[in-house]
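Please look through the model below chain by chain. The text after it goes from surfaces and overall dimensions to the relation between copies and then to a single residue.

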Amino acid sequence: MTGAAGTRLVLRGRGIVPGRVAGRALVSHETISGWGGIEPASGTIIERRHELYGICFTGKVLVFPGAKGSSGWSGFFQSTRLMGTAPLAMVFTNLTTKAALGAIVTRVPTVTEFEDDPVAKIATGDRVEVDADNGLVIVYGPRPGHPR
Amino acid sequence: MTGAAGTRLVLRGRGIVPGRVAGRALVSHETISGWGGIEPASGTIIERRHELYGICFTGKVLVFPGAKGSSGWSGFFQSTRLMGTAPLAMVFTNLTTKAALGAIVTRVPTVTEFEDDPVAKIATGDRVEVDADNGLVIVYGPRPGHPR
Amino acid sequence: MVALTDEEKAMRDGRDGDAVAAAMDLLIRYADALGAAHLCETRNVAGTNTQPSPAKTKLFEEGGWSKAFAVISLDCDDDIEVPRMKVPTCQLQHGFGDDALGIMPYSERNIELQADAESFYSSKGVNVLATCTPYQVGNLPTYGEHIAWMESSAVVYANSVLGARTNCEGGASTGSASITGRIPCWGNHLVENRYGSHLIESGLRMTGFQDWGLFGYFVGDAVQEARPVMVGDLGQPDLADLKHFGAAAASSGGVEMYHIPGRTPDAPTLEAAFGRAAPPGPLHYGEAERRAIYDSLNSIGNSEDVDFVLIGCPHASLEQIGRVARALEDRTLSAGTELWVMTPRALRAVSDRNGWTATIERAGGRVLTDSCPAMSRAAPTGTKVFATDSAKQAHYLPAILGIEAWFGTTEECVDAAVTGRWRGSLAPAAVVR
Amino acid sequence: MVALTDEEKAMRDGRDGDAVAAAMDLLIRYADALGAAHLCETRNVAGTNTQPSPAKTKLFEEGGWSKAFAVISLDCDDDIEVPRMKVPTCQLQHGFGDDALGIMPYSERNIELQADAESFYSSKGVNVLATCTPYQVGNLPTYGEHIAWMESSAVVYANSVLGARTNCEGGASTGSASITGRIPCWGNHLVENRYGSHLIESGLRMTGFQDWGLFGYFVGDAVQEARPVMVGDLGQPDLADLKHFGAAAASSGGVEMYHIPGRTPDAPTLEAAFGRAAPPGPLHYGEAERRAIYDSLNSIGNSEDVDFVLIGCPHASLEQIGRVARALEDRTLSAGTELWVMTPRALRAVSDRNGWTATIERAGGRVLTDSCPAMSRAAPTGTKVFATDSAKQAHYLPAILGIEAWFGTTEECVDAAVTGRWRGSLAPAAVVR
Ligand code: F3S
Ligand code: F3S
């Protein structure tokens with residue numbers, strides 16, 4: 001699959017929640033809070049000064065530097081799963097207990113500990129495949145062959 | 001005065017509560033407790049296994065290695081002053097906060113920090129003069145000239 | 001792959017029942033995600049199971065509290081029976097309780113649900129402390145003790161001030177720890193991960209509680225999740241100062257561990273704080289930095305008409321309640337202003353005994369327990385502008401409730417409650433020459 | 001002669017009134033007696049002013065609580081007005097309160113007098129914690145903080161487990177500290193006096209609470225007032241273990257400071273515990289020593305008919321109360337036997353909430369506060385034989401009340417309360433090979 005037409009980039013990391021999915025990326029350059037940061041009922045970012053304020057992550061491959069803020073992080077993302085508003089997958093830079101546990105209880109394919117920083121390499125709207133079984137994220141770009 | 005007839009021994013230490021008195025020694029080879037150790041109303045030692053169990057120290061020069069047990073030590077000895085059952089003076093080996101504060105609030109001449117251990121040098125019944133102004137304890141023995 | 005002891009394998013394989021097996025399964029997945037080599041034993045777990053949430057309510061309605069525990073606290077979809085807690089486990093802050101009834105727009109249904117959850121968890125042996133500051137009410141881990149705690153402000157206090165060892169855990173990891181006595185031995189549990197990473201040099205002496213909050217907020221912003229080491233002629237902090245400092249640093253950044261050489265137990269000296277590494281080049285904290293943090297915390301306030309004053313985030317110490325009571329003696333709050341002091345219920349009992357609660361209530365204020373406005377998303381009806389002496393609450397509450405905020409000293413906050421007006425200003429810094 | 005700052009001279013010379021001047025005078029006399037070079041500043045004082053005693057009653061009758069404070073807390077015979085506490089000051093355990101009325105031979109007049117004293121001191125800003133364990137209820141000094149505390153079991157905990165710095169203070173020194181914020185900087189306040197003096201090598205692993213008590217009692221007996229350093233594969237102590245260990249060591253000896261390398265904050269390693277000095281030759285603690293301590297603590301018991309069981313010396317932790325409640329579930333005390341759990345009132349509020357108080361009361365036991373039988377010299381009427389899980393209470397109560405004592409585990413004590421019979425025996429030691 002890594003050789004398919006339109007392949008732009010393969011990011012190598014470590015899968016921490018298994019599974020393979022493909023979808024559109026939503027990239028945050030800022031860390032994300034759980035409590036005070038997202039609203040599970042709607043799956044949106046609610047931190048007022050956040051670059052993604054008001055944006056919904058449901059069904060997206062959420063790409064972000066890491067988790068910040070309260071220890072409720074995992075609980076808030078778990079709630080998105082229970083409310084049906086979870087992201088499709090998680091791809092993040094910094095591994096912490098909050099993010100690791102959050103990914104596990106959100107039960108979505110998750111890759112972290114990359115050689116290259118995914119936040120710098122992926123853009124919102126990119127089509128990406130998250131192959132957490134093999135610790136890979138394959139970035140196809142916004143449309144096949146489109147230069148970035 | 002140190003040259004008076006019958007002088008047996010001059011112990012040099014440091015006076016920590018000023019004053020000069022003379023009287024009979026009551027020597028404890030064991031440390032003394034305040035709470036659970038003495039009864040202020042009667043000025044007696046009440047610790048059951050203590051060598052001075054049941055003995056009254058009121059009006060005696062109390063010679064002992066130091067204070068032990070609860071932080072109520074100073075309060076219990078202060079009570080002996082208030083109840084009129086205090087010792088006449090205190091002479092002790094080991095300086096601790098309990099014993100120092102206890103001596104101060106008992107308001108009796110007190111000497112400590114000796115070159116020689118007073119507990120080894122003084123016997124119960126010895127006539128002693130406590131000169132806390134000069135940090136001296138003069139031991140005259142049970143009666144002038146009596147060999148020990 | 002995490003290495004398991006025979007005991008841990010037996011738990012995983014179902015010797016102690018389905019719930020324990022599910023808990024071990026979660027802990028193994030979590031340990032593997034982290035890359036932990038093994039699990040630590042713990043006898044001290046602090047989590048939150050009881051606070052109402054829409055997801056929890058849904059699960060409860062489906063299958064009772066057992067279902068809610070299975071899914072939320074064990075990440076398990078099976079019907080399991082919840083066993084008694086295996087190790088001492090306490091409940092942290094949750095939603096408002098009875099004392100909130102009728103005084104704020106907070107759902108009575110939530111209060112009932114929470115009381116019901118509390119009975120359930122009590123019957124399983126959970127110690128309901130209902131506070132973000134378990135260390136103030138008898139849950140005092142010892143130096144070097146491995147614990148599994150949630151609540152970022154408590155985690156940073158436990159690691160840094162008490163020298164206990166915990167990561168910032170979550171609902172499923174504390175739930176699993178409570179019935180197994182295990183947690184991944186990773187991160188802050190390992191000495192080599194506890195050394196400082198950043199050096200902060202303060203040119204200012206902290207003159208009190210507010211200064212410690214400003215400094216903490218600066219530090220968290222500067223180092224994010226890293227481990228700062230603070231040096232300078234800072235003065236002697238007390239419990240409330242460090243509680244406030246750590247909560248601020250955990251809010252503006254994600255600090256879980258810091259050192260103040262000579263003031264925190266893991267670092268008697270600057271050298272000890274950095275282990276074998278040389279201290280990095282310092283970041284400076286001076287008058288300009290202090291002013292900038294103050295201005296940023298006060299940038300959300302516009303109107304000087306204060307409706308609501310909040311003291312006690314993290315939950316107020318006894319000294320803090322006493323200070324508020326003293327400041328309110330023979331005074332009356334402005335008609336349009338509420339003042340709440342949040343504290344653990346155990347300390348409220350002391351406040352009652354000391355007459356502080358009566359003094360505060362006589363003035364028109366309240367001493368409330370179990371939760372806080374940010375946690376329960378509830379302030380007095382109609383609040384538009386609030387004032388607080390807590391950098392953490394000033395950070396979160398405007399975002400959560402969409403209201404304006406003022407940050408000041410405890411006395412300025414009390415003054416705002418009495419006059420209805422914000423008249424705070426930043427006192428000059430104590431510059432060390 | 002102690003060197004004073006200008007501020008201290010002004011206090012001594014009467015700038016802040018007669019009481020403060022008297023307090024400075026006492027502190028100067030005390031510092032000079034000790035040979036202290038200067039005074040330390042403190043913001044944390046824990047003393048006891050309120051407990052009734054014949055001397056205090058006499059003074060109160062002469063001149064009210066002001067007189068009692070002047071004489072007992074300042075060593076001053078003048079008529080002074082008692083000012084508000086200058087620094088945070090808490091009240092430690094005192095005599096029994098209301099909850100003792102009618103259930104033991106304890107004078108109602110004492111209860112009234114104490115309540116009156118409590119109101120007086122509250123009005124002066126004293127924080128009435130009414131416990132020997134202030135660290136369990138929110139008075140948590142920070143590492144390296146200079147404090148002025150009474151109560152030997154609290155002093156040893158503060159120094160050793162929390163890394164705060166205090167000598168074993170008394171009524172007059174804490175009284176004087178409370179209105180000046182000063183205490184002689186001597187003894188445990190100085191780092192060079194905090195290093196270990198004796199090395200104790202344990203060949204046993206501590207298997208629980210009782211083991212820590214036995215070990216503490218051994219250590220205190222062996223080193224008296226010195227500063228022991230304990231090494232070996234001891235296991236991880238928790239709050240209750242170290243509370244119990246320190247109280248025992250402070251009872252059989254007068255230990256105010258100890259180190260357990262890696263488990264207490266002043267000594268990450270054995271070397272750190274001894275500073276620049278080489279560790280001395282070790283004393284050994286093994287099976288024979290443990291057995292001898294157990295036998296000595298049980299040498300006062302003859303009759304196996306137990307009238308009275310006492311848990312919570314030092315005042316019980318929440319975990320301890322929970323353990324007792326669990327052991328009493330669906331059981332009933334023997335008709336002739338009383339069981340009391342002593343705990344701070346603040347923790348009793350938590351115990352109530354957790355349902356533990358109800359469980360204990362349903363079985364016929366009581367959860368009491370403020371004091372203890374040894375402190376108030378009162379046990380249930382007619383008590384001849386008592387049992388306890390506390391080495392400290394087993395040490396003191398027989399001497400104070402002239403009764404027989406059994407020392408065992410918490411569960412053995414609960415069993416004695418249920419059966420009315422002592423059936424305890426020492427479990428095998430966990431020998432480290
Ligand atoms: S739970 Fe506590 S730490 Fe602050 S945000 Fe609420 S008071
Ligand atoms: S006051 Fe406390 S330490 Fe023991 S002797 Fe009484 S319970």
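The model is predicted: local features need pLDDT of at least 70, side-chain atom pairs count only at pLDDT 80 or more, and totals for chains, interfaces and linings use all residues. Residues are numbered from 1 along each chain as its sequence is written, chains are lettered from A and ligands numbered from 1 in the order in which they are written, and side-chain values use heavy atoms, with hydrogens and water left out.

Of the 148 residues of chain A, 59% are buried, where buried means under 20% relative accessible area, exposed over 50%, and partly exposed in between (1.4 Å probe, protein chains only). Three helices and 12 strands make up the secondary structure of chain A; these are DSSP runs, H or I of at least four residues for helices and E of at least two for strands, numbered from the N terminus. The C-alpha trace of chain A spans about 40 × 25 × 25 Å along its principal axes.

Chain C has 16 helices and 16 strands. For its 433 residues the globule rule gives 22 Å and the radius of gyration is 22 Å, so chain C is as compact as a globular protein of that length. Its C-alpha trace spans about 65 × 55 × 35 Å along the principal axes, and 67% of its residues are buried.

How is chain D placed relative to chain C? A rotation of 180° with 0.0 Å of shift along its axis superposes chain D on chain C, with an RMSD of 0.0 Å. This is the relation of a two-fold axis. The superposition is by least squares on the C-alpha atoms of residues with pLDDT of at least 70 in both copies. Because 100% of the interface residues of chain D are also interface residues in chain C, the copies meet through the same surface.

C:Thr264 lies in the loop between helix H8 (239-252) and helix H9 (270-274) of chain C. With a relative accessible area of 0%, C:Thr264 is buried. Beyond its neighbours within four places in sequence, C:Thr264 is in contact (heavy atoms within 4.5 Å) with C:Ser160, C:Tyr258, C:His259 and D:Tyr143.

Terms used
Rg over C-alpha atoms; globule rule 2.2 N^0.38 Å.
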